[in-house]
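Here are my notes on this one, as numbered points you can follow with the model open beside you. Take them in any order you like.

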Amino acid sequence: MREVAVIGAGMSRWGELWHQDLRDLSCEAVLKALAETKADRVDSIHVGCMTGGLFAGQEHLASVMADCLGFAGVPASRSESACASGGVAFKAAYAEVAAGLCDVALVVGVEKMTDVGGDEATYALGTAADQEYECYNGATFPGLYAMMAVRHMHEFGTTRRQLSQVAVKNHSNGLLNPEAQYHAKITAEEVESSAHVADPLRLLDCSPITDGAAALVLCPLDMAKKLGKKAPVKVLAIGHATDTIALHSRKDVCRLAAVEKAAERAYKAASLKPEDIDLAEVHDCFTIAEIMVTEALGFARRGEGGKLVASGATAIGGKIPVNTSGGLKSKGHPVGATGVAQLVELAVQLRGEAGGRQVKKPSAGLAQNMGGTGGSSIVSILGVA
Amino acid sequence: MQPQRYWREIPQRYRLEAGRCRRCGKVFMPPRGLCDSCRSTEFETIRLADRGKVHTYTVIRVPPAGFAAQSPYVLAVVELDDGVRLTMQVADCGPDEVRVGLPVRVEFRKINEVGKSGVICYGYKVVPA
């Protein structure tokens, strides 16, 4: 296996972008990522997209993307693992480069979510849960995460205020990220008085509906000097795992087994421990998710993810900064693009280009991307080459 | 909702029929073709317990399409007395009455009406016992 480097990283604008479609968004992100490189060709394209069909009426994204990016003729494929689609597309590209099947691989994650109304968006996102045995009975995604939150509160004494502190921190980080969808400082009181969605979760506990794309360019590490313009970032490890589709099928509804397994595999492959990680981008689709994910990644002991955020350890400048980009909560959550954008943030941080949200001299960053209620998860660790 | 899709799940939804592994006894709802504990493919049909308790819950206040008329409603992961857990609504129960551990009883109920033709979908819900 060859060592693999990230030599280009870019994001489109993120937000409610009525004037841009799937292709415009992808093109914007890819042009930025390619502009960071000297690559004069792309050997392979990997697209991460959850459901172009339900959100934009467009499937066959392999052809659509190769075409609109000006690379018709280049092999392309699309990875789908609900909200973890972007992370899985990255893994597919990494594997190709590592195996020597290609040299320059392009990863593009994209989702165009605002061409449909609220009911349709809820339906499309609900397809990441168990349609027959959860959604049939009236479950929604916020509802499923709310049930994890209620059980977490019941078992460990996690508080409503600790949930709010996740949102407050991530919006505070998002203020420092020009690419974020929302630039708004919020208070815990504002979170706790925002509209009810699914008790105990309120509107400001939830990540938004977002249009956006993100892109990465990968190549073998030993070609990074020739093909890259900036200091290369090395892919240290990728861990990937699955769990049951329905939340109720799990022995423990407030334990993210897929995240634990993916992290264990990534740490082992990179010969690193949780305390060796300098920053993490995690899948905070809901505030409770960040709390549970920090436990699954080993940053907090089981049941103590709420205390971790309350302690300030996950803020920029803390022991383990989490979601310096603003996370899904503030940066936005175009589902298929999220996993790729998490890695863009790691690349920017590891190169020392993150401006006001820069973590002091990081050497290793971790990205955790998750599908559904944790039915799939992928953990990638990047490091300074 | 396509009639065939609705029809094929009637045994589970109307009668709580699950599959029990003939080799190791593990129960699956919905029934499946392969046991993840012992890899056996031999199953017998059993009926799940109709009593249980609330394992965790939420109150859905932003409902999905087809559920607006019922909103707000209590949704729960219910642990039945035989240990099987399922996601279902807690009917006849106000948002302030539900709690972890609440004893419940399964009832056959209307779930909703879907599609332009208004296919009426039935299934299981629980009520406070």
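1. Start with the two domains of chain A: their centres, taken over C-alpha atoms, are 23 Å apart. Domain 1 covers 4-117 + 209-233, while domain 2 covers 140-206 + 236-384. Those bounds come from an automatic or database domain assignment.

2. Before you go on, keep in mind that this is a predicted model, where local features need pLDDT of at least 70 and side-chain atom pairs count only at pLDDT 80 or more, while totals for chains, interfaces and linings use all residues. As for names, residues are numbered from 1 along each chain as its sequence is written, and chains are lettered from A and ligands numbered from 1 in the order in which they are written.

3. How many residues does each domain of chain A bring to the contact between them? Domain 1 brings 36 residues and domain 2 brings 34. Here, two residues are in contact if their C-beta atoms, placed from the backbone, lie within 7 Å.

4. Now look at the side of domain 1 of chain A that touches domain 2. Strand S1 (4-11), helix H4 (85-99), strand S4 (105-111) and strand S7 (212-220) of chain A each give two or more residues to it. H4(A) gives the most, with 8 residues. Helices (H or I, at least four residues) and strands (E, at least two) are DSSP runs, numbered from the N terminus. By class, that side of domain 1 has 22 nonpolar, 10 polar and 4 charged residues. Ala, Val, Leu, Ile, Met, Phe, Trp, Tyr, Cys and Pro count as nonpolar, Asp, Glu, Lys and Arg as charged, and the others, Gly among them, as polar.

5. Chain A as a whole has 14 helices and 11 strands. A compact globule of 385 residues would have a radius of gyration near 21 Å, and chain A agrees with its 19 Å. (That radius is taken over C-alpha atoms, and the globule rule is 2.2 Å times the number of residues to the power 0.38.) The C-alpha atoms of chain A fill a box of roughly 55 × 45 × 40 Å along the principal axes.

6. What share of chain A is buried? Buried residues make up 64% of its 385 residues. A residue is buried if 20 or more other C-beta atoms lie within 10 Å of its own, exposed if 12 or fewer, and partly exposed in between, with C-beta atoms placed from the backbone. Of the contacts in chain A with a separation of 6 or more, 77% are between residues 24 or more positions apart.

7. Next, see where the chains meet: 28 residues of chain A are in contact with 26 residues of chain B. On the chain A side, helix H5 (118-126), helix H6 (141-156) and strand S5 (196-198) each give two or more residues. H6(A) has the largest share, 7 residues. This side of chain A divides into 14 nonpolar, 9 polar and 5 charged residues. For the complex, the predictor gives an ipTM of 0.97 and a pTM of 0.97.

8. Over to chain B, which has 2 helices and 8 strands, in the pattern α-α-β-β-β-β-β-β-β-β along the sequence. Its average pLDDT is 94, and 100% of the residues score at least 70; pLDDT is the predictor's confidence in each residue, from 0 to 100. The C-alpha trace of chain B spans about 45 × 40 × 20 Å along its principal axes. Of the 129 residues in chain B, 36% are buried.

9. Have a look at strand S5 (residues 73-80) of chain B, where 7 of the 8 residues are buried. S5(B) pairs with strand S4 (residues 51-60) of chain B in the antiparallel sense over 8 bridges, and Tyr57(B) has Ala76(B) in S5(B) as its bridge partner. Strands pair if DSSP finds at least two bridges between them. S5(B) also runs antiparallel to strand S6 (residues 85-90) of chain B, joined by 6 bridges. In the hairpin of S5(B) and S6(B), with 4 residues between the strands, Gly83(B) takes a positive phi near 95 degrees.

10. Last one: chain B has an open sheet of 3 strands in the order S2-S1-S3, with antiparallel pairing. Which strands are at its edges? Strand S2 (27-28) and strand S3 (43-47) of chain B are, each pairing on one side only. Strand S1 (residues 17-21) of chain B is joined to S3(B) by 5 bridges, and Gly19(B) has Thr45(B) in S3(B) as its bridge partner.
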